[in-house]
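This report covers pockets, cavities, aromatic contacts and backbone geometry. The chain is shown first.

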Amino acid sequence: MTQPTTTRSWVTSANGHTDFPLQNLPLGVFSINGSAPRSGVAIGDSILDLHAAIDEFEGEARRAVEATAGGQLNAFFELGRGPRVALRERLLVLLAEGSKLQTREAQVLHRAADCQMHVPARINDYTDFYVGIEHAQNVGKLFRPDNPLLPNYKYVPIGYHGRASTIRPSGADVRRPKGQTLPAGATEPTFGPCARLDYELELGIWIGQGNAMGDSIGIGDAADHIAGFCLLNDWSARDIQAWEYQPLGPFLSKSFITTISPWVVTAEALEPFRKAQPARPEGDPQPLPYLLDQRDQAAGALDIELEVLLTTAAMREQNLPAHRLALSNSLHMYWTVAQLVAHHSVNGCQLQAGDLFGSGTLSGPEAGQFGSLLEMTEGGKKGVELPSGEVRKFLEDGDEVILRARCNREGYACIGFGECRGTVVAAR
């Protein structure tokens, strides 16, 4: 699907909007003044209320709108690509200049600033992967300088099952967790608030149609099972993680909260920003046959610019702008999202509409591209200097982390994901 770059919207704020122009049209769930959550589409600085405009849709597009009822997008995700594309094509007509829908603006359009956003689907299961190879190498060097990547990394898309119950939308506070830690030089752990709180810059992947238990999704079909994308912050308590992660991996160090951006950017909106999967370095093994598809290798990667910013309480008091900590890209993924779907289901594991994947931290190879403070500070050895004169090795109470993502390509409208924000508050 080509992007309608020359089309303008009657929603004037959408024209030239850095995140939500007519060419994006992400879906989400919102409410106004405590009303029941409902489904909508981001367009400029506004939200189109899908059910207020339902009589403007017919056929597969109307079926798609009907499936968004009830304040959750699971049934819509389950419909798959056909109705999703039909909805997008109808929205492009309805929101373009000259559409009769403009005469109903007061009925169908809401100011986004007046709306509260919600997690867009019921998340039954959440899996966090580890596909950012630069992050894996950077972290591995801290603990295993001579062997940063374990032998399985280049054969298996590494992941672990996370906690769906604590996934929250952008803007939710991040309560500093408590847990066991092993102080340096000690032989027994202590209990208390985490002292080494960190963020992780990730891409979120929403599952569309699932599979029956015992069946698997082939790599050639896997892309059709992806409903859309969001930003994801996998908040991490590094001191708790260091004590607990062997032998079974992260547990309480990750499960206290995960923040996502609330808009689902569809696979169709991202079509112009697909690229060939970067070639593996010479000597790296080829993926096993169940993970290898030539179409996926030719166009399975996504060119998404990923940004991390930080503000502190002192910076806000001084009216200082958010400070950029990192600028990275989703092209640093060692595995494609289709490979994640194929691998997750190959053993017969049942995926369901509304399941959420995290990509793992997407760092680049250079300073200024690291997606966590753990990497930036070399495990807390070096401080990050901020415009306020403050220094950070890990996050302090009052710090707000902001994730942003945008797609840019010459000749195409820029589209974005909205923000994924979280402010750290003190442990109870």
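## Terms and model

On a 1 Å grid over the protein atoms alone, a pocket is an open set of points with protein on both sides within 12 Å along at least five of seven lines. A cavity is a set of points where a 1.4 Å probe fits but cannot get out. Lining residues have an atom within 4 Å of a point. Points are joined across faces, edges and corners, and a volume is the space filled by probe spheres set on them.

This is a predicted model: local features need pLDDT of at least 70, side-chain atom pairs count only at pLDDT 80 or more, and totals for chains, interfaces and linings use all residues. Residues are numbered from 1 along each chain as its sequence is written, and side-chain values use heavy atoms, with hydrogens and water left out.

## Confidence

The protein chain has a mean pLDDT (the predictor's confidence in each residue, from 0 to 100) of 96. Of its residues, 99% reach 70 or more. Helices (H or I, at least four residues) and strands (E, at least two) are DSSP runs, numbered from the N terminus. Confidence is lowest in H5, at a mean of 91. It is highest in strand E16 (residues 258-260), at 99. Where pLDDT is low, the predicted coordinates should not be read in detail.

## The largest pocket

The largest pocket has a volume of about 980 Å³. Its lining comprises 38 residues. Nearest its centre lie Tyr-130, Val-139, Gln-241, Tyr-245 and Pro-250.

Which elements each supply at least two residues of this lining? They are strand E6 (126-129), helix H5 (133-143), strand E7 (159-161) and helix H6 (238-244). H5 gives the largest share, 6 residues. By class, the lining of the largest pocket has 17 nonpolar, 10 polar and 11 charged residues. Ala, Val, Leu, Ile, Met, Phe, Trp, Tyr, Cys and Pro count as nonpolar, Asp, Glu, Lys and Arg as charged, and the others, Gly among them, as polar.

## Aromatic contacts

The whole structure holds 7 aromatic pairs. Rings of Phe, Tyr and Trp (its six-membered ring) pair if their centres lie within 6.5 Å; planes under 30 degrees apart count as stacked, over 60 as edge-to-face and the rest as tilted. Phe-77 and Trp-206 are a tilted pair, because their ring centres are 5.8 Å apart and their planes meet at 45°. Phe-77 lies in helix H2 (residues 74-79) and Trp-206 in strand E13 (residues 201-207), so the pair ties together parts that are 129 residues apart in sequence. Phe-77 is buried at 2% relative accessibility, and Trp-206 is buried at 0%. Buried means under 20% relative accessible area, exposed over 50%, and partly exposed in between (1.4 Å probe, protein chains only).

Tyr-130 and Tyr-153 form an edge-to-face pair, 6.0 Å centre to centre with 80° between the planes. Tyr-130 sits in the loop between E6 and H5 and Tyr-153 in the loop between H5 and E7, so this pair ties together parts 23 residues apart in sequence. Tyr-130 is partly exposed at 29%, whereas Tyr-153 is buried at 3%. Tyr-130, Tyr-153, Tyr-334 and Trp-335 form one aromatic cluster. Arg-280 lies over the face of Trp-335, 4.5 Å from the ring centre. A charge sits over a ring if NZ of Lys or CZ of Arg is within 6 Å of the ring centre and within 35 degrees of the ring normal.

## Cavities

How many cavities of 30 Å³ or more are there? The count is 3. The largest cavity holds about 60 Å³. Its lining includes Gln-277, Pro-278, Ser-330, Met-333 and Trp-335. That lining has 7 nonpolar, 4 polar and no charged residues.

The second largest cavity has a volume of about 50 Å³. Among its lining residues are Leu-25, Phe-76, Arg-84, Arg-88 and Glu-268. Helix H3 (residues 81-94) gives the most to this lining, with 4 residues. The classes here are 5 nonpolar, 1 polar and 3 charged.

## Backbone geometry

A cis peptide bond joins Gln-246 and Pro-247, with omega about 10°. Pro-247 lies in the loop between H6 and E16.

Leu-25 has a positive phi near 60° and is not a glycine. This residue lies in the segment before strand E1 (27-31). Leu-25 is buried, at 3% relative accessibility. Glu-378, also not a glycine, has a positive phi of about 55°. Glu-378 lies in the loop between helix H10 (373-376) and strand E23 (384-385). Glu-378 is partly exposed, at 37% relative accessibility.
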